[in-house]
Amino acid sequence: MFKCINRTAQLILLTSLHVFRYHQSVNDLLSLGRSLSLCRFVSALPLKMTDPAVKRVVTDIIRSPEDKREYRALEFTNGLKAMLISDPTTDKSSAALDVQIGSLSDPSNISGLAHFCEHMLFLGTQKYPKENEYSQFLSEHAGSSNAFTSGEHTNYYFDVAQFFLCPLFDESCKDREVNALFQLEKATGNPNHPFSKFGTGNKLTLETRPCKEGIDIRQELLQFHSTFYSSNLMGLCVLGRESLDELTTMVVNLFGEVENKNVPIPEFPEHPFQEEHLRQFYKVVPIKDIRNLYVTFPIPDLQKYYKSNPGHYLGHLIGHEGPGSLLSELKSKGWVNTLVGGQKEGARGFMFFIINVDLTEEGLLHVEDIIFHMFQYIQKLRTEGPQEWVFEECKDLNKVAFRFKDKERPRGYTSKVAGLLHYYPLEEVLAAEYLLEDFRPDLIEMVLDKLRPEHVRDGTEFSRDKTSHEIGSTRSRRDKIFK
């Protein structure tokens, strides 16, 4: 009945506990896991594939020819989706659970509640009141844990080393300048759109203001968790040395009975950047000595077109580095060092197309010239029309990248796959971001039509220019710079 192996089961127990800590049964599971130390509880009989908790089992998963791991996907009757990965050679076990709810679903009067909920789930429970007990348990067994909250996701991920203690890395740190730009985008769009919310939260939004308004933050946290943490919004990924059958048994036993509250997947059909937010130019003086130009266009959500990927097609051309490319022209003038272009995720319902440029000192004096060259190049693409040979080139490059992709580290891999389970068929989860099958000139032209001067969101310049600003976080706007 009991079998001492590695720590994968402990990890799955902790994963379930982090997200369902208000369920007494999960607390009991943790008690069992701790009492067994490095032992694992496994049913004496193998799990039957006719288990009522499992709606569908998928084994024909598209994977890289060089990938030697074994995969199995499960769709539970409660709506939860899981990817199981067996890798006998791994030096770590890892588990991640992604909840398709993030800061865009914060209450309008409590910015940062989803992020706060994520942090609070790392603290004590009724049965285990000691703060950070689960992180401490992982550390004692050469493991680590982390989590992040984005606009649409809250992602919890853990790992445990099999043989040796690995250093911990703070993956939540972000460059302050990039974060400042992101906040500028949010602050200058539609203030009534969820995108404008301050997703991180702070003392003002999570304590001072609620206190003045008579809001009990603890009750709001309980309500948020109770409302949104539903099995139909969850994707789970587990990687370990165990066989797929053993992983299946553990996962079904722990997650098969999670409550499905049938929470609708949040959608945001209106773009945060409307007509009144377009043709704007913002200038920001950062702390670091950097020079960048950011140009942004609002575009529709292209997620459902992942097999034709018109944003990738255009990003391939606009970001091309060869002779005759936009970058080669701008570099020849001594204005830029690098240039990247392509679609950028927003949320379910809207996206952005961006062109980001690393400027030289000379380039700072020619920002409007650089933008003019961008639109000239885009007009060239529009005039020539979509080219199937370019699509085939992108297709071939993706095939090569997928075939020879590096073996991902367990913790990052499980975290990523858990999030992808929300967007793609189970058979295609591992390959979806590389699949290019349908050449759709109509979609390419549709996106190209959005990349016009009258649709441009802003040109944002990062510089150390002191002639018009004092050093510090300042910004100025020049309305309708793009004629």
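A residue is called buried when its relative accessible area is under 20%, exposed when that area is over 50%, and partly exposed in between, with a 1.4 Å probe and protein chains only. Helices (H or I, at least four residues) and strands (E, at least two) are DSSP runs numbered from the N terminus.

By these terms, helix α13 (residues 410-420) is largely enclosed by the rest of the structure, because 9 of its 11 residues are buried. The buried residues of α13 are P410, R411, Y413, T414, S415, V417, A418, G419 and L420.

This is a predicted model, in which local features need pLDDT of at least 70 and side-chain atom pairs count only at pLDDT 80 or more, while totals for chains, interfaces and linings use all residues. Residues are numbered from 1 along each chain as its sequence is written, and side-chain values use heavy atoms, with hydrogens and water left out.

The protein chain has 14 helices and 15 strands, and 53% of its 483 residues count as buried. Among its contacts (heavy atoms within 4.5 Å) between residues at least 6 apart in sequence, 80% join residues at least 24 apart.

A nonpolar core is a set of buried Ala, Val, Leu, Ile, Met, Phe, Trp, Tyr and Cys residues joined through side-chain atoms within 4.5 Å. Two such cores are set out below.

| Core | Size | Residues named |
|---|---|---|
| Largest | 39 residues | F224, Y229, L236, V251 and F255, which have the most contacts inside it |
| Second, separate | 38 residues | V295, L327, L436 and L451 are included |

Elsewhere, the axes of helix α9 (residues 310-318) and helix α14 (residues 441-450) come within 9 Å and cross at roughly 65°, where axes are lines fitted to C-alpha atoms over the stretch in contact and angles run from 0 to 180 degrees between N-to-C directions. On the α9 side P310, Y313 and L314 take part, and they meet L443, I444, V447 and L448 of α14. By class, this contact has 7 nonpolar, no polar and no charged residues, with Ala, Val, Leu, Ile, Met, Phe, Trp, Tyr, Cys and Pro counted as nonpolar, Asp, Glu, Lys and Arg as charged, and the others, Gly among them, as polar.

Finally, K283 lies in strand β10 (residues 280-284) and is buried, with a relative accessible area of 13%. K283 and L293 are 10 residues apart in sequence, and their C-alpha atoms are 9.4 Å apart in space.
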